[in-house]
Amino acid sequence: MPIAFGKILLVHLSILTGLCCCFRTNVNPEEDPNIPAIAKYFTTKGRYEEVNPYLIEDILAVNRSILQPPSAQCRQIHLTAIIRHGTRYPTSKNVKKMQKLYELVKNIAPGKESWLREIQTQWTMWYTEDMDGRLVQKGVNDHRHLAVRLSKLFPSLISEEKLRGGFIKFITSSKHRCVNSTLSFKAGLTELWAITDMEFDHAVNDALMRFFDQCTRFVQEVDKNPSALSEVDKFRQGPEMRRVTEKIADRLKVPYSDITDDMAEAAFYLCAYEFAIKTVNSPWCRLFDEVDAQVMEYANDLKQFWKRAYGYDINSKSSCILFHDAFSRLNKAASEIKAGQQVTEAVTVQVGHAETLLPLLTLLGFFKDSDALTSTNYATQAQRSFRTSHMLPYAANLLLVLYDCGEGDLRLQPLLNEKPVTFPGLTSQSASVPLYQDVKDHYRELLQGCDFETECQLFKSPA
């Protein structure tokens with residue numbers, strides 16, 4: 001059920017009284033004692049503010065200079081925004097792991113450190129299994145604030161007129177955290193313009209936003225195949241992870257055999273969730289130093305690599321349906337402009353999961369390193385581009401902005417988490433905002449193929 005927004009959605013005074021549009025860069029999270037020193041390694045459990053630190057000082061700040069079309073006559077005509085849900089509670093599976101760790105620390109660990117005593121005497125296990133990934137208040141705010149920032153970045157597209165006129169479409173996964181994130185995004189806009197006389201619908205479409213559940217080949221060959229994540233299992237049993245669990249045992253003063261890799265993961269998640277949900281530098285964070293956090297980050301990146309990204313071809317091909325959907329919307333807007341017509345869908349807001357975004361980013365070729373992530377090359381992957389801490393925080397978003405620069409000159413700018421990125425393989429001087437035709441030429445094979453039904457068949461027909 002959607003969250004009761006009448007109780008939890010408060011109109012921010014800053015939204016109603018003229019928003020500050022300044023962009024500050026003088027924030028150093030590493031100097032803030034309220035921010036865990038290891039926060040930048042929290043992978044998919046990280047705050048959006050760690051990816052864009054200027055938001056710590058002003059959550060509604062935007063940097064308009066990131067939008068740099070080739071000429072002043074270029075105008076924005078369409079925006080497709082594919083967005084991960086906001087901050088959530090842990091899943092029931094992770095809560096069980098946390099509970100097991102908490103009981104051990106509370107009842108067995110004999111250490112005398114103040115942070116350990118704080119866990120044992122002051123901290124209570126407040127996570128419950130029925131929370132199971134539901135959106136938290138911070139997650140509500142994630143999308144409300146994102147909606148306001150995007151309205152400032154794209155004022156001609158995300159406007160009161162466009163919203164009232166039905167030119168902004170909303171699509172969501174059926175999962176409660178996505179539905180409630182969508183409601184929060186809409187609330188951010190209606191609060192901004194004090195709209196109280198209209199409601200705006202959203203469509204639930206799991207074929208688009210949870211395609212991974214409906215791709216039979218992915219489900220059978222990867223998702224439910226125990227051997228598909230053998231590299232992850234090897235790393236979790238390897239020397240780097242073993243050293244982390246031994247250091248945790250030393251800090252707790254318990255036998256090494258009492259700390260498993262699952263417990264190390266649970267402790268890392270406790271630190272991450274406490275910070276993401278409550279903005280608290282939890283005593284659980286003291287179980288890790290930076291070296292430990294880097295190992296934990298790699299373990300999660302390895303899992304995402306093999307289960308959702310470049311590890312197997314079907315991981316990215318499962319997103320063919322979302323890929324074609326995005327380009328069909330761009331093509332429709334382009335066709336309407338060329339025909340001298342008004343663009344009928346100025347903005348599409350699509351809310352899904354990390355598992356929605358990562359396969360699509362992979363299909364597009366983003367963050368592909370020269371070497372695959374494996375259980376044995378941790379030491380050489382320190383500078384890897386495949387870092388989910390940077391790519392997929394809560395409320396992560398891929399924006400595709402289509403520009404009309406006149407005389408048939410259409411351009412497409414991609415942004416990830418409100419920062420410009422370049423389509424891999426498009427390295428010309430104008431690669432930051434390439435010709436839309438060049439983008440389509442670059443992805444021609446995918447546009448002409450990449451059929452979801454064909455790719456997802458468990459047994460493909462012979463060529």
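The model is predicted, and local features need pLDDT of at least 70, side-chain atom pairs count only at pLDDT 80 or more, and totals for chains, interfaces and linings use all residues. Residues are numbered from 1 along each chain as its sequence is written, and side-chain values use heavy atoms, with hydrogens and water left out.

**The sheet**

Select the strands. Helices (H or I, at least four residues) and strands (E, at least two) are DSSP runs, numbered from the N terminus. Seven strands make an open sheet with mixed pairing, in the order β3-β2-β4-β1-β5-β6-β7. β3 (203-204) and β7 stand at the edges with a single partner strand each, so one side of each has no neighbour in the sheet. Two strands count as paired if DSSP finds at least two bridges between them. Strands of a sheet pair through backbone hydrogen bonds, either parallel or antiparallel.

Next, show helix α7 (residues 137-153), which packs on the sheet and touches β1 (75-84), β4 (347-352) and β5; contact means heavy atoms within 4.5 Å. The direction of α7 makes about 165° with that of β1. Angles run from 0 to 180 degrees between N-to-C directions, and axes are lines fitted to C-alpha atoms, for helices over the stretch in contact.

**β5 and β6**

Select 397-404, which is β5, and 410-416, which is β6. These two strands pair in the antiparallel sense over seven bridges; Val401 has Gln413 in β6 as its bridge partner. Five residues lie between the strands of this hairpin, where Gly406 takes a positive phi near 90°.

Now colour β6 by burial, where buried means under 20% relative accessible area, exposed over 50% and partly exposed in between (1.4 Å probe, protein chains only). Seven of the seven residues of β6 are buried, so the strand is largely enclosed by the rest of the structure. In a regular strand the side chains alternate between the two faces of the sheet. In β6, Leu410, Leu412, Pro414 and Leu416 point one way, and Arg411, Gln413 and Leu415 point the other way.

Leu399 is in β5 and is buried, at a relative accessible area of 0%. Setting aside neighbours within four places in sequence, Leu399 is in contact with residues including Leu79, Thr80, Ala81, Leu150 and Phe154. Leu402, also in β5, is buried with a relative accessible area of 0%. Beyond residues up to four places away in sequence, Leu402 touches Arg75, Leu330, Arg411 and Tyr436, among others. From Leu402 to Pro414 the C-alpha to C-alpha distance is 9.0 Å, with the two residues twelve apart in sequence.

Move on to 419-420, which is β7. β6 and β7 pair in the antiparallel sense over two bridges. Leu415 stands opposite Pro420, and Leu416 has Lys419 as its bridge partner. The hairpin has two residues between its strands, and Asn417 in the turn has a positive phi of about 55°. Glu418 lies in the loop between β6 and β7, has a phi near 65° and is buried at a relative accessible area of 4%. Most residues other than glycine have a negative phi.

Go to Thr43, in the loop between α2 (13-16) and α3 (48-51). The phi of Thr43 is positive, near 50°, and Thr43 counts as buried at 1% relative accessibility. In helix α3, select Glu50. Its side chain is joined to that of Arg47 by a polar contact of 2.7 Å. A polar contact is a pair of N or O atoms within 3.5 Å; within protein, one must be able to donate a hydrogen and the other to accept it, and residues adjacent in sequence count only if both atoms are side-chain atoms. Apart from residues up to four places away in sequence, Glu50 touches Ile35, Ala39, Ile56 and Phe275.

**The largest pocket**

Finish at Lys93, Lys303, Gln304, Lys307 and Glu355, which lie nearest the centre of the largest pocket among its 42 lining residues. On a 1 Å grid over the protein atoms alone, a pocket is an open set of points where a 1.4 Å probe fits, with protein on both sides within 12 Å along at least five of seven lines; lining residues have an atom within 4 Å of a point. The pocket volume is about 1,100 Å³, the space filled by probe spheres set on the points, which are joined across faces, edges and corners. Helix α16 (290-308) supplies the largest share of the lining, seven residues.
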